[in-house]
Amino acid sequence: MILAQFYHAGYDQHVTLAQLFWLRDSQGQPARSYVVADRPLTITEDFANFGSDLNALRKRLRQLPQVELFDHFPPYGAAFRRRFGLDSEQALELFNQTVSMKSVGNLTEFVRGHMLEAFAVEERIDALIRHFEDLDRAHQAVLKAKAQIDALQPMVDNLDRYAEASDQARELTACREALQPWFAGIKAQLLEQRREKLERELERLASRIEALTSEQQHNQAKRDELKQAIADNGGDRLEQLKRQIKDQGERADERRRRAEEYQTLTQRLALDPLGDEAVFVENRQRVEHALETLEDRKAEAQNAVTEAAVAFRDGREGVEEVERELNSLRQRRSNIPAAMLALRERLCESTGLPVESLPFAGELIQVRDEERDWEGAIERVLHNFGLSLLVPDAHYQEVAEWVDRTHLRGRLVYYRVREPKGASLPQLHPDSLVRKLAVRPDSDFYAWLEQELARRFDYACCRDLAQLRREQRAITRSGQIKAKGERHEKDDRHAINDRARYVLGWSNEAKIAALEQQQYQLQQRLQQLADTLSQAQETQKQLETRGTLLHRIDVYRHFQELDWHTPTLLIQRLEEERQSLESTSDTLRLLQQQLGDLEAELKEQDARLTGLRDERATARLKYDQAGETQAEAEALVERTAATVRESDFPRLDALRPEALPERRLTVESCDNAEREMRTWLQGRIDAEEKRLKRLGERIIDAMRSYQTEWPLETREVDVSIAAGDEYRGMLEQLVGDDLPRFEADFRKLLKENTIREVAGFQAKLNQERELIRERIDTINRSLHAIDYNPNRYIRLQAEPTPDPEVREFRESLRACTEGALTGSETEEYSEAKFLQVKAIIERLRGREGQTEPDKRWTRKVTDVRNWFVFSASERWREDDAEHEHYTDAGGKSGGQKEKLAYTVLAASLAYQFGLETGGQSSRSFRFVVIDEAFGRGSDESARYGLELFQRLNLQLLIITPLQKIHIIEPFVANVGYVHNDGGQHSMVRNLSIEEYRAERAARSMISAS
């Protein structure tokens, strides 16, 4: 054990320190106990006679008054430093280093290491890093939110435009479908106006007919009177002649009218013109033959129309089906037909399963780009498998139950996919079809698909038929398949390069292009079918017209019906007889003239009445027809849904000026106007659909880019127009979370936390810097009291270090806080400020790959002691002028180095021990141990050092060989001799200086005798 007893005469205070060492394990380090006592203790009285039980000694020590027992050095050191008035551990460190110090090497390092305490900076650095990480999270949140909003806003804007365009297209389509009832409503209004006008016209005609009839009846009575007078004057024969002439005239007119109609029919039917009876008979025979063959031709025309109509309908359905498929494909990436996707949608909607959990095999497989020559053949082999649904084992029960209870209205194949059991893949043929396939790498079904493809579709892709004959399972580029068992198959019901039927791949751009080409071809074919149908209908119409003409001409069965010449000759003979009779009587002639005039007037009145009655009949017919047409139009409007009338009719009213500018509608022009407006609406619909296509492509590209950039946020979101609301919800969430508040949080963290912490850290470092200057001033006051040389003293000088790393660090700290604590809102937050803080924090935290260099840098630049370089200035007391400047002890003689070392050491001890001048009441530690410090130097430097320590009232324990005894002796009060006999047993003998001198004198006398 080691024991040391200290006594303070001024306070009559004892302090005993002891350290006890013992071995618990012969192979390990010794265990230790530490004792601090406020009373004298000795080894023989207080630490002996405890036998082999060390715990008994420890128990006895604890029972002693004013004695503290410690198991560890830190509390022991704190206890005795408190009693000795040592404020810091550095004082004890200086005590330990003084034992072996011989000279001052680098003055800066000595001052930093022995005279200045290190600042506990680790906790502040940790706090600074924590606050920065808070800031960095806020900063990343701001940048991420900004980037997401910047990406989502245009997408949502396009979604709004897409929705607007979709609504516009739907409205235009609805308007197009509502055109017929809308125009029916317009026509009904126009017909109502026409009927009102016709009603007024009928009233006017009825009034005129009534007046003219009354006048005619008066003339008829007068005519009867004239006829009676003529009869009385021999006019009976004349009347008879007139009746015969009239009858023959009517017969001649009727036959002439028939003959003219017959001539017209012969011209339209390409028959010979009417001449004599022989021509009539020839034409009659030709008409009968034509009527016999007409029905067969009409039946053929009807069949042609029916076939063309069916073909046109099928073609139109094909176009519509392709259009539906294209619309579906443009809203997704899959090549699977829309009907199969709809079936999966029904399944997922009923079971609540996510769509992405039930992929079709074709959505996860595609032909490699370099093997596109084989794509058609591979599609044939894998077509049915590609349309199969893959059901994870976890969802199998739900899917199976739904399929069993549901009428699918189609065919569905699905596979139960179990977890793979680690089986190795079958060995594939070198030319295997499977080697030409790629399975989507991020799919959960990758392993199962890889096994299934290798097991079922290991077909050799043959370059020629010779190889096909050799292989057991093989396929050619043209699509001929050879299976086990010598079965061969080639299905050419569809073209092998028909991409419209392709189902493989997770990109459908090629299929869309193929379908667009097919759509164009189908539309061209549909136009041809429409032309064919139109031609067939025109032929049928011509046959109907010809049949009507043939039936009309077939009415004339006898030539006499058309012979108007014979009655004309008879009229001529009767007229001659009448003229002969009239010339024989003047009275009769006068009466006949009056009767003729009256007959002419009656005839005119009759013609006028006939005309008026015809007009009335025509007006009545028009009125009735208008009523019927109006009723039909109103019925059509009435059958139209109320929602269509309420929503689409007003839209059509608004579109009419644009579609039919300055067009005044009439009943007759409504049909043409309807066709024109339908064409105009179709053009608008086509334009909106093209716009929708462009917008849809932009939206899909934006969604795909967004998912690539932020996969975590979009892992459950599809890339489809249907998922637009989910992206809109993301934007609303981001906007609703208030991005400016993120920025405000960032500024607040930057100012109130990180920047303030940086400023506080800088202020603390600056405070330590000033404290060092104060400590140097304190040390200089001690040095000022010491004569380094006659009339000269030493002053320590602290100058800013030229080290570039330290200077750059201090400049960076200052740059981080400049303008951040002034209250300026414009300077408070800036990316540049953040990057300045980030650069410092990353080095303090340790950058990736540079952790150790950054740790060394941190220790260096945050230790304020390294901010200074120290030198010693020897100055005259008279005028404080500098005599000599020392940056270190290099280049000095041995004595000069020792003298500078003693001076600096003495000043350091005075500072660290807190030495006070002024007598016995000073409470300060004054014990110093020096090992061989005076063994090699000059006598002058040794004497200087001893005198210096004596002036500071330091108690020295000097370990030294005997050659310097004559220098040391005048300063020594006690001497301890150490003797080790054989190197195994050390002994110490303590003597006072007087005892030592007496014994030395006695030995000298014995030696002299």
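I looked up Asp431 and found it partly exposed, with a relative accessible area of 25% (buried means under 20%, exposed over 50%, partly exposed in between, with a 1.4 Å probe and protein chains only). The model is predicted: local features need pLDDT of at least 70, side-chain atom pairs count only at pLDDT 80 or more, and totals for chains, interfaces and linings use all residues. Residues are numbered from 1 along each chain as its sequence is written, and side-chain values use heavy atoms, leaving out hydrogens and water.

I then searched for the partner of Asp431, which is Arg463; their closest N and O atoms are 3.5 Å apart in a salt bridge (a side-chain nitrogen of Lys or Arg within 4 Å of a carboxyl oxygen of Asp or Glu). This pair links distant parts of the chain, 32 residues apart: Arg463 is in the loop between β9 and α14, and Asp431 is in the loop between β7 and β8 (helices, H or I, of at least four residues and strands, E, of at least two are DSSP runs, numbered from the N terminus). Arg463 is exposed, at 61%.

Next I noted a salt bridge between Glu371 and Lys436, at 3.0 Å from N to O. Glu371 lies in the loop between β5 and α11 and Lys436 in the loop between β7 and β8, so the pair ties together parts 65 residues apart in sequence. Lys436 counts as buried, at 12% relative accessibility.

I also examined helix α22, where Glu811 and Arg814 lie three residues apart, about one turn of the helix. Their side chains meet in a salt bridge of 2.2 Å, N to O.

Finally, I recorded that a search of the whole structure finds 62 salt bridges.
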